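Colleague: Could you walk me through this fold?
Modeller: Happy to; here it is.

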Amino acid sequence: MKNFMDSDFLLQTETAKMLYHDAAETMPIFDYHNHLNPKAILDDEQMDNLTQVWLGGDHYKWRAMRAMGVPEELITGNGADYDKFLAWARTIENSIGNPLYHWTHLELQRYFGITAPLSEATAKQIWDSANEQMRTKEFSVRNLILRQNVKYMCTTDDPADDLACHKALKEENFGCTVLPTFRPEKAMAIEKPAYADYIAKLSEVSGVDIKNVDDLMKALEIRMDYFISVGCVVTDHSLEGCFYQPATVEDVDRVMKKRLEGQELTAEECGMYKGYVMIALGKMYARKNVVMQLHIGALRNNSSRQLAAIGVDSGFDSMDDIKYASYLSTMLNEMDKENLLPKTVLYSLNPNDNEMLASMAGNFQGGGIRGKMQFGTAWWFNDHKPGMEAQLTVLSSIGLISPFIGMLTDSRSFLSFPRHEYFRRILCNVVGNWVENGEYPNHPDFLKDLVKNISYNNAYNYFFTK
């Protein structure tokens with residue numbers, strides 16, 4: 001029996017141990033997609049206790065706590081911080097097989113040096129020990145980032161944001177480069193009640209009176225140029241529901257006019273608008289040499305009751321089962337027709353789509369760009385050991401794993417960076433098993449370069465090579 005989460009955690013073979021400890025373990029981190037607050041980094045905030053740093057905004061944990069019957073008062077409500085932590089300790093003790101169990105204990109080990117498993121019995125001791133450490137300067141937000149050797153991170157930002165925090169961090173020469181990500185989600189969400197208000201805001205910020213889709217694209221390009229001036233190298237989109245229907249510019253102008261006048265739209269009309277704008281944005285990204293991320297397949301806000309009570313991003317989203325291969329192919333092809341398909345990362349929320357997306361990426365490789373089209377890392381409900389193993393296996397079987405840009409946190413927690421370690425251990429174990437099964441030669445130098453590249457180097461080159 002192996003010891004609980006020791007130095008060889010998840011490493012089943014000698015080759016895996018060699019690859020992790022000699023290559024992957026010390027590589028820096030490029031966290032190219034997260035939802036961290038740049039103001040918290042600029043202000044170098046100091047969290048008071050584990051509840052604040054762990055449970056604030058973490059809908060992964062909230063879902064698990066609800067499944068254990070924890071009352072909402074101790075999840076998103078006004079319960080005392082220690083009572084919330086104790087409820088989390090009871091939950092995590094019962095989370096066998098869930099990645100939250102591993103993430104929680106990696107964070108306790110890597111940040112606090114605490115190796116005891118968290119449970120109701122150990123909760124008070126761990127609470128006191130961790131909180132005492134958190135009161136020291138070493139546990140400020142910036143130091144939490146630097147202690148995990150994070151060299152680059154990309155936050156998620158709206159086109160109307162002023163990016164003041166990113167600019168200030170750059171001027172301060174903080175040891176981690178914090179870059180903005182251009183995410184025009186509110187400009188795409190034509191079905192949302194706030195769409196017209198957002199278009200008015202975008203008009204004001206960009207200086208463009210937005211009355212039609214050409215005006216919209218002018219405004220978004222002005223904001224894209226501003227983001228690039230602050231260091232932006234990547235964009236992000238969530239594609240959900242009916243995200244494409246064929247349309248002319250006249251169709252889209254009619255749909256926009258109808259919505260701006262307060263009229264409701266059909267799903268088909270929304271798809272016409274979204275598909276047209278997405279294609280136009282993709283071409284713009286290609287001209288400006290920024291990467292396009294497409295996160296596909298979320299079914300959001302399933303509980304209308306909880307949406308009304310708690311709000312969005314509170315743990316009531318799940319995976320959709322839409323059939324979208326032909327829509328995605330058409331959109332990518334429309335960009336590619338003019339050789340204006342940008343570097344693109346495709347993420348699948350539903351694992352049933354893994355093979356489809358991996359094969360779709362292969363349709364549009366080329367241009368002398370290494371790994372131009374990426375089948376992205378296991379995302380959200382796939383972000384666990386079997387999910388990562390499945391993504392790596394599908395990618396290597398249908399495409400090439402060597403150019404893969406690796407892991408991201410997609411997190412709102414400043415303690416989440418050990419997830420990169422989790423991924424790297426799984427990566428090294430998968431590769432180690434291939435070697436020890438006789439499926440690939442035991443060439444240590446090549447294999448170590450392979451895992452170093454996937455851990456960090458590929459992402460650096462992908463985002464910064466023009």
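**Contacts, core and a helix pair**

Modeller: In the protein, 76% of the contacts (heavy atoms within 4.5 Å) between residues at least 6 apart in sequence join residues at least 24 apart. This is a predicted model, where local features need pLDDT of at least 70, side-chain atom pairs count only at pLDDT 80 or more, and totals for chains, interfaces and linings use all residues. Residues are numbered from 1 along each chain as its sequence is written, and side-chain values use heavy atoms, with hydrogens and water left out.

Colleague: What share of the 466 residues count as buried?

Modeller: Buried means under 20% relative accessible area, with a 1.4 Å probe and protein chains only. Of the 466 residues, the buried share is 56%.

Colleague: Which residues have the most contacts inside the largest nonpolar core?

Modeller: Such a core joins buried Ala, Val, Leu, Ile, Met, Phe, Trp, Tyr and Cys residues through side-chain atoms within 4.5 Å. The largest one has 156 residues. Those with the most contacts inside it are L50, F112, L118, I145 and F463.

Colleague: Which residues does I145 touch, not counting those up to four places away in sequence?

Modeller: I145 is one of the residues with the most contacts in that core. Its partners beyond four places in sequence are I41, V150, M153, F174, C176, F414 and F417.

Colleague: How many helices and strands does the protein have?

Modeller: Helices here are DSSP runs of H or I with at least four residues, and strands are E runs of at least two, numbered from the N terminus. The secondary structure comes to 20 helices and 10 strands.

Notes:
Buried < 20%, exposed > 50% of the residue type's maximum accessible area, 1.4 Å probe, protein only.
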